[in-house]
Amino acid sequence: MEGGGVDHLAEERQKSRFDVDEMKIVWAGSRHAFEVSDRVARLVASDPAFRKDNRNLLSRKELFKNTLRKAAYAWKRIMELRLTEEEAAKLRFFIDEPAYTDLHWGMFVPAIKGQGTEEQQQKWLPLAYKMQIIGCYAQTELGHGSNVQGLETTATFDPQTDEFIINSPTLTSSKWWPGGLGKVSTHAVAYARLIVNGQDHGVHGFIVQLRSLDDHMPLPGITVGDIGMKFGSGAYNTMDNGVLRFDHVRIPRNQMLMRVLQVTREGKVVQSDVPRQLIYGTMVYVRQTIVSDASSALSRAVCIATRYSAVRRQFGSQKGGPETQVIDYKTQQSRLFPLLASAYAFRFVGEWLKWLYTDVTQRLQANDFSTLPEAHACTAGLKSLTTSATADAIEECRKLCGGHGYLTSSGLPELFAVYIPACTYEGDNTVLLLQVARFLMKTVSQLGSGKQPVGSTAYMSRAEHLMQCRCSAQRVEDWLKPDVVLEAFEARALRMSVACAQNLSKFSNPEEGFAELSADLAEAAIAHCQLIVVSKFVEKLQQDIPGQGVKQQLQTLCFVYSLHLLHKHQGDFLSTGCITPKQASLANEQLRSLYSQVRPNAIALVDAFNYTDHYLGSVLGRYDGNVYPTLYEDAWKDPLNDSVVPDGYHEYLRPVLKQQLRNARL
Ligand SMILES: CCCCCCCC/C=C\CCCCCCC/C=C/C(=O)SCCNC(=O)CCNC(=O)[C@H](O)C(C)(C)COP(=O)(O)OP(=O)(O)OC[C@H]1O[C@@H](n2cnc3c(N)ncnc32)[C@H](O)[C@@H]1OP(=O)(O)O
Ligand SMILES: Cc1cc2nc3c(=O)[nH]c(=O)nc-3n(C[C@H](O)[C@H](O)[C@H](O)COP(=O)(O)OP(=O)(O)OC[C@H]3O[C@@H](n4cnc5c(N)ncnc54)[C@H](O)[C@@H]3O)c2cc1C
C-alpha cells in the first residue's frame, strides 16, 4: 500500500501469479468495503494525531490521557467529516488502540438495543449516539465471571418508591474488569440479581448512572476506580478496566432493561415470550465481531513475519552469492504458511458468522427464536477456536522473526499483549467450548428421534454413512478434492461427538459424566468448529471470484488450512478410523507440495491485506522491506541512548568498577 523509496521486496512481488488488487477486494469483502477501508486507513496514517510509535515509552497516566485525547479527536473527525457508521468503525480499527469507546459502542449500546424495550431505546439511545452519556458493560465481578448466574450484586425492588436498590453485598460482588468503567463511563449496564418480594428472579441488566454529568464525580453510593496495570506495557493499558461497588444506590424502576422480563408498578414480575437467554445476547453479538477481529490480528502478524522472512537471509551462500532467504526453508514454510491460510480461513468464516448473526437478529425481531441455540454455539465455538489459534500464531510469528521479533519495534510483542485477553474476555475459551459440547450432545441425543439436525450440525443427518465410511484418498492428488477433505472432517467430528455421547450414557448422573469427560468434550467441540471453518472456506470457493489467479490461490490456501489441521490432529483422524496411516502420509505429501505453490505468492498474499505501515507498526513488516537501516536508526532513538554515559553511572556503576580495581590491586 505504501509508495516511494526503494522496494526491497520488488522481486518478490514480481513472482506472484495472481491479481493482487482483486484479492484485496476479496479480503475486504466487497469493492465498496475495500474503498472505505483504504480511504480511512490513509486518513489515519497521514494524521500525526494518531501517532502510536511512542506508546511503550509513556507512563500509564500519560498513556491513558493520550488515549482520551485520541478518542476525543476521533469523535471530532467523525462529526466534521460526517463519517458513516461503517467509516467510523474503520476509523476505530485503524487507530488501533483499545479505548472506552469500544465498550460504549460495542457493548453498552448493543445491550440497550437488544434488551431494552422500545420506550427505553427511545430514551437512552439518542443520548448514547451523541455521546452525551458514555456507557460500559458491567457484568463480571471479583468472585464470578464465567458463571454469570453466580453474580452477587442485587437489584431489590422497592414498591414504596418505585425504585430498584442496587447493592454490592460482599467484597466478591464488586464489579471487576469492565472496560471504560475505571475512569470514564458516566453510565453502566450493570448486571444484578433481581429481587422482588424477597424472591430471586436471576440476573438482569440495569442502566445505572455512575458519575455526575457536571463534574464527573461518582454519585452518592458509588465507589469506582481502575483495577491496575495489565500484561505488557502499552497494549491493553490504554483501557480503564474498572472496579465498582454500589452502596444501596437507588434507580427508577424503568431503568431495568425489560425486554425479557418486566416488573410492574405493583411489583408483579411478568415474563415476556422472549427467551431468558436473550439477556446474554450482547455477548453473542460481540463474540461474532471477535471472530472477524481474529483474522485482522492474525493477518497482521503473518504480514510482518512473511515480509521479514523474505528479507532475512541465513546460511547457504554458494560461491560468495547471497545467502538463503529464510522463507525458503521448508520448516519456515510449514510454520508460516498454515498461519497465512488461517488468516484467510478466519476471514471467510467471520463473514459467514456475521451473516448468521444478522439472520438470527431478524428472526428474533419477528419472534422466531428457533436459531438462537445455533447462533450461540457457533459464536461461542468460533470465538474460542479463532482467538486461541490467533494468540498462538502471533507468538509463532515472533519466533519466525528470530531475535528481532522480540524487539518492540517488530510490533509483535505489543500485538501479542493486546490480543491474548481475547482468549478470556467474552467468555473463557474452554468454558465456551463446553457450551458447544452441550449443544453437540443434545443434537446427537436427538439423532434417532426423527428431528433433523440443521445449520452447522446438518452433517449429522448423514450419521449412518459418516459413522462407517472409509476415506477414498488413494493418491496424493485425491487430497485436493473438497469432498474427500470435507468428509474426513465430518466423519472425525461426528465420531468424536458420538464417542463422547456413548461414554456419557455410562454415567447415571449426566452432569457428573459431563464434568468427568469435559476434556474429551472440549476436543469434540474443537473438531466440530474446525469443520465449520473448513466448510465455509470450501463454500467461499463455490462463489464467483473474479481476477486472474485469485480463486486458484484461495483454493491452495483452503487445502493448506485443511491439510495442516489434518496433519496436526492426525491422532483424532486415525483413532476414529476416518483415515489410514497411509492416507495421512499422502495428505502430508500434498501439504508439502502446496507450500511450494504458496511460496512465490506469499508476499502478494500478505500485500492483499492492504495494511499501511502505520497500522502494521512494525519495522520488520515494512512494505518496502527496508529493515536493517530502520532498525539501526530506531535503536538510537531509544531514550536510553539520549546520553552516552547512562544516568546512574556515578551512583551505581563507577563505585562497582572502582571496587574491582581496588580488589585487583590487592
Ligand atoms: C465512534 C467509533 C465507532 C467505533 C465502533 C466500535 C465498535 C466496537 C465493536 C466491538 C468492540 C468489542 C470490544 C470487545 C472488548 C471486549 C471486552 C470484554 C467484555 C467482556 O468480557 S463482557 C463479559 C463476558 N462474560 C462472559 O462471556 C461470561 C461467560 N459465561 C456465559 O456466557 C454463561 O454464563 C455460560 C453460557 C457459560 C453459562 O450460563 P448459564 O449457567 O446460565 O447457562 P447454562 O445453564 O450453561 O445454559 C442455559 C441455556 O442457555 C443457553 N445459553 C447460554 N448462553 C447463551 C447465549 N449467549 N445465547 C443463547 N443461549 C445461551 C445454553 O446453551 C443453555 O441452553 P439449553 O438449556 O442447553 O438449551
Ligand atoms: C481485558 C479484559 C477485559 C474485560 N472486559 C470486561 C467487560 O468490559 N465487562 C465485563 O463484564 N467483563 C469483562 N472482562 C471479564 C471477562 O469477561 C472474564 O474474565 C471472563 O468471562 C472469564 O471469566 P473469569 O475471569 O471468571 O474466569 P474463570 O471462570 O475464573 O476461569 C479460570 C479458569 O477456570 C476454568 N473454568 C471456569 N469454569 C469452568 C468450567 N465450568 N469447566 C471447566 N473449566 C472452567 C477456565 O477455563 C479458566 O482456565 C474482561 C476481562 C479481561 C481480561
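This is a predicted model: local features need pLDDT of at least 70, side-chain atom pairs count only at pLDDT 80 or more; totals for chains, interfaces and linings use all residues.
Which residue in β6 is the bridge partner of Ala188?

**Figure 1. The hairpin of β5 and β6.** In this view Ala188 has Val208 of β6 as its bridge partner. The two strands involved, β5 with residues 187-196 and β6 with residues 199-209, pair in the antiparallel sense, and nine bridges are found between them. Together β5 and β6 make a hairpin in which two residues lie between the strands, and Asn197, which sits in the turn, has a positive phi of about 50 degrees.

**Figure 2. The open sheet of β4, β8 and β7.** Three strands make up this open sheet, in the order β4-β8-β7, and their pairing is antiparallel. At the edges are β4 (175-176) and β7 (222-226), each of which pairs on one side only. Strand β8, residues 242-246, is joined to β4 by two bridges, and the two strands run antiparallel. Within this pairing, Lys175 has Leu244 of β8 as its bridge partner.

**Figure 3. The surroundings of ligand 1.** Ligand 1 is surrounded by 32 residues, of which Gly106, Val148, Gln277, Tyr280 and Gly427 are the closest. When the shell around ligand 1 is divided by class, it holds 14 nonpolar, 14 polar and four charged residues.

**Figure 4. Two positions annotated as a binding site.** An unreviewed UniProt entry carries the annotation "binding site" for Thr140 and Gly179. These positions are spread over 40 residues of sequence and yet cluster in space, with a largest C-alpha distance of 10.6 Å.

**Figure 5. The packing of α17 against α19.** Helix α17, residues 550-568, packs with helix α19, residues 581-598, at an angle of about 140 degrees, and their axes are 9 Å apart. The crossing of these two helices is left-handed. On the α17 side the contact is made by Thr556, Phe559, Val560, Leu563, His564, Leu566 and His567, while α19 contributes Ala587, Asn588, Gln590, Leu591, Leu594, Gln597 and Val598. Sorted by class, the residues of this contact are eight nonpolar, six polar and no charged.

**Figure 6. Two annotated domains.** The unreviewed UniProt entry assigns residues 19-134 to "domain: Acyl-coenzyme A oxidase N-terminal", and over this range the chain is 72% helix and 0% strand, with its end C-alpha atoms 44 Å apart. For "domain: Acyl-CoA oxidase C-alpha1", the unreviewed UniProt entry lists residues 280-441; over residues 280-441 the chain is 72% helix and 0% strand, and the end C-alpha atoms are 21 Å apart.

Notes
Residues are numbered from 1 along each chain as its sequence is written. Chains are lettered from A and ligands numbered from 1 in the order in which they are written. Axes are lines fitted to C-alpha atoms, for helices over the stretch in contact, and angles run from 0 to 180 degrees between N-to-C directions. Helices (H or I, at least four residues) and strands (E, at least two) are DSSP runs, numbered from the N terminus. A crossing is left-handed if the near helix is turned anticlockwise from the far one by less than a right angle, and right-handed if clockwise. Two residues are in contact if their C-beta atoms, placed from the backbone, lie within 7 Å. Ala, Val, Leu, Ile, Met, Phe, Trp, Tyr, Cys and Pro count as nonpolar, Asp, Glu, Lys and Arg as charged, and the others, Gly among them, as polar. UniProt positions are given in the numbering used here, feature names are shortened, and annotations may be inferred rather than shown by experiment. Two strands pair if DSSP finds at least two bridges between them. A residue is near a molecule or strand if its C-beta atom, placed from the backbone, lies within 6 Å of it.
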